[in-house]
Amino acid sequence: DPPKPDKPRPVWVRAVSEALQTRSRPDLAWKRNELRGGIDAIGEHYAVPHLAPLMTECGSLQQRDAIVRAAAITAINDHCPQKDSRPVKGQDAPVPYRFGHALRELTRQRTGKNPSTTPANRDSVARRLTLLPEMDFDSAVDTVSALVSFANSERISVNFFDLASTLYFWGDGLTDNSVRTRNRVLSDYYGAADTPRKAA
């Protein structure tokens with residue numbers, strides 16, 4: 001059989017890649033600055049020329065906005081290293097490192113402890129995340145942007161591709177897929193994937 005052509009990367013991955021490629025590239029500082037404008041509707045006209053070819057692949061206006069906002073957050077927080085996987089004790093192969101894991105690391109770095117499940121002991125990261133699943137898209141973007149800004153200041157690695165996927169599938173909070181997408185950030189933050197699975 002002839003080799004199958006490579007499957008095209010998801011649209012949100014390509015949008016974030018537009019921002020990541022500008023890092024450590026003084027000659028592309030202008031592009032990074034224009035992508036940063038996409039953080040809100042007022043300045044997104046600067047980012048649109050770079051992302052317009054991808055927008056036709058988006059299934060809704062919210063998904064179109066998601067790739068623009070994700071590229072902007074990536075461009076703004078260029079001191080956060082991009083990270084895709086992480087080692088987990090008891091598992092042979094690295095596991096995916098998602099947005100919630102980055103926020104878990106942020107809490108650990110700022111407090112010296114794992115995230116607390118007790119409301120009175122939650123830090124500012126946990127308090128913001130508790131409300132995140134109930135937020136509409138624009139509020140979620142504001143919260144995610146603020147949390148990544150905290151991570152940027154601490155040089156915490158972030159998986160910007162997973163961040164973009166989270167915003168892309170944020171939805172309306174009514175479908176199963178939307179609810180799972182929203183809650184996954186919390187489950188990753190509280191360490192659902194950190195416990196090795198026991199053999200059945």
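Let's start with R155, which is partly exposed, with a relative accessible area of 48%. On that scale, buried is under 20% relative accessible area, exposed is over 50%, and partly exposed is in between, using a 1.4 Å probe and protein chains only. R155 sits in the loop between α7 and α8, and R155 has a positive phi of about 60° although it is not a glycine. Helices here are DSSP runs of H or I with at least four residues, strands are E runs of at least two, and both are numbered from the N terminus.

A word on the model, everyone. This is a predicted model, in which local features need pLDDT of at least 70, side-chain atom pairs count only at pLDDT 80 or more, and totals for chains, interfaces and linings use all residues. Residues are numbered from 1 along each chain as its sequence is written, and side-chain values use heavy atoms, with hydrogens and water left out.

Back to the loops. S24 also has a positive phi, of about 55°, although it is not a glycine. You will find S24 in the loop between α1 and α2, and with a relative accessible area of 76%, S24 is exposed. Now look at T22, in the loop between α1 and α2. Is T22 buried or exposed? At 0% relative accessibility, T22 counts as buried. Leaving aside residues up to four places away in sequence, T22 touches L28, K31 and R32; contact here means heavy atoms within 4.5 Å.

One more loop residue, this time between α5 and α6: that is where T118 lies. T118 is partly exposed, with a relative accessible area of 38%. From T118 to E105 it is 13 residues in sequence, and 18 Å in space, C-alpha to C-alpha.

On to the helices, then. α1 is mostly covered, since eight of its ten residues are buried. Those buried residues in α1 are V11, W12, V13, A15, V16, S17, A19 and L20. What do they pack against? The buried residues of α1 pack against α2, α3, α4 and α8.

Let me take the helix pairs next. Two packed helices are described by the angle between their axes and the distance between the axes. The axes are lines fitted to C-alpha atoms, for helices over the stretch in contact, and angles run from 0 to 180 degrees between N-to-C directions.

The pair to begin with is α2, residues 29–36, and α3, residues 44–55, which pack at an angle of about 110° with their axes 6 Å apart. That makes α2 roughly perpendicular to α3. For these words, angles under 35 degrees count as roughly parallel, over 145 as roughly antiparallel, 65 to 115 as roughly perpendicular, and the rest as oblique. The contact involves W30, K31, E34 and L35 from α2, with Y46, A47, H50 and L51 from α3. By class, the contact of α2 with α3 has five nonpolar, one polar and two charged residues. Ala, Val, Leu, Ile, Met, Phe, Trp, Tyr, Cys and Pro count as nonpolar, Asp, Glu, Lys and Arg as charged, and the others, Gly among them, as polar.

α2 meets α4 as well: their axes come within 7 Å and cross at roughly 130°. That makes α2 oblique to α4. On the α2 side the contact is made by R32, L35 and R36, and on the α4 side by A71, A72, A75 and I76. This contact of α2 with α4 divides into five nonpolar, no polar and two charged residues.

α4 has another partner in α7: the two pack at an angle of about 15°, with their axes 11 Å apart. α4 and α7 are therefore roughly parallel to each other. Here Q62, D65, A66, R69 and I73 in α4 meet F137, V141, V144, S145 and V148 in α7. The contact of α4 with α7 has six nonpolar, two polar and two charged residues.

Finally, the core. In soluble globular proteins, nonpolar side chains tend to be buried together. A nonpolar core, as used here, is a set of buried Ala, Val, Leu, Ile, Met, Phe, Trp, Tyr and Cys residues joined through side-chain atoms within 4.5 Å. The largest one has 50 residues, and those with the most contacts inside it are I67, L103, L129, L163 and L167. The elements giving two or more residues to this core include α1 (11–20), α5 (99–111) and α9 (176–189). As for L129, not counting residues up to four places away in sequence, L129 touches L103, L147, V185, L186 and Y189.
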